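Welcome to this short tour, and please open your viewer now. We will go from stop to stop, selecting a few residues each time.

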Amino acid sequence: MIRFFDILFSTVAIVILFPLFLIVMVLLKLTGEHEIFYLQKRMGRLEKSFNIIKFATMLKDSVNMSGGAVTKKHDSRVLPIGKFLRKTKINELPQLFNIWIGNMSIVGPRPLTIEQYHNYSEAQRKYISELKPGLTGIGSLIFRDEEEIMERSGMDYNKIHDTIIADYKGDLECWFHHNNSLRKYFLLILFTALSVVKPNLNFQHRFKNLPEPKGILKDLING
């Protein structure tokens, strides 16, 4: 049933947003490094990798520059137009094609690089690998301002991500695995849409038994 809605919603969204896609494609072709799409290997269901599709927002070789796979606030590798695309999440929209193809779902765990995926514990990976990555999801919503959270910590971005944030993300994705349902599918889509117009939306109380962040992360998220 969820696959049916994935195909339906992604098809409708692609048709409606196609004019926006064309505008962004022209702007990217005329600015920056003239790259339109960014493809990167991500970990998919059953640990099968796939190429995620995004609009290009950073320098071509950014993953091999200082900072690696983690993007920080005011990251110098982000192109001028890329800042707008990332802030509005427009850069994520080409993932609708990943959903239509079938290697992603609209709702699911965050699609991570191979290296980031292995920051999860073995127990977390066992459950997360059974799900398709999602355009949105519980982890994506709670960490929708992840760059701000890492900035507030004052710590090295890679260190706080790999040693503190990743563990809590893993707990959130495991919670989704154990509590996945069509109702939560629609609720997470709704809250994602609402968060675009109301970034400080507090939706966590609508989900039972959601894992609580601990220690410094609790203060940073509530920041």
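Start by selecting K54 and E92, which form a salt bridge whose closest N and O atoms are 3.6 Å apart. A salt bridge here means a side-chain nitrogen of Lys or Arg within 4 Å of a carboxyl oxygen of Asp or Glu. K54 sits in strand β2 and E92 in the loop between α2 and α3, so this pair ties together parts that are 38 residues apart in sequence. Helices (H or I, at least four residues) and strands (E, at least two) are DSSP runs, numbered from the N terminus.

Before moving on, a word about what is on your screen. This is a predicted model, in which local features need pLDDT of at least 70 and side-chain atom pairs count only at pLDDT 80 or more, while totals for chains, interfaces and linings use all residues. Residues are numbered from 1 along each chain as its sequence is written, and side-chain values use heavy atoms, with hydrogens and water left out.

Buried means under 20% relative accessible area, exposed means over 50%, and partly exposed lies in between (1.4 Å probe, protein chains only). E92, at 22% relative accessibility, counts as partly exposed.

Next, select R110 and E146. They form a salt bridge too, with the closest N and O atoms 3.1 Å apart. This pair links distant parts of the chain, 36 residues apart: R110 is in the loop between β3 (105-107) and α4 (114-117), and E146 is in helix α7 (residues 146-153).

Since E146 lies in helix α7 and K169 in helix α8 (residues 157-179), the pair ties together parts that are 23 residues apart in sequence. Both E146 and K169 are buried. Now show the three residues together: R110, E146 and K169 are linked in a network of salt bridges. How many salt bridges does the rule give? The count comes to four.

Finally, turn to the backbone. Most residues other than glycine have a negative phi. Select E47, in the loop between β1 (37-43) and β2 (49-55), where phi is near 60°, a positive value. E47 is partly exposed, at 43% relative accessibility.

For the last stop, select K89, in the loop between α2 (80-88) and α3 (95-101). Phi of K89 is near 70°, again a positive value in a residue other than glycine. K89 is partly exposed, with a relative accessible area of 41%.
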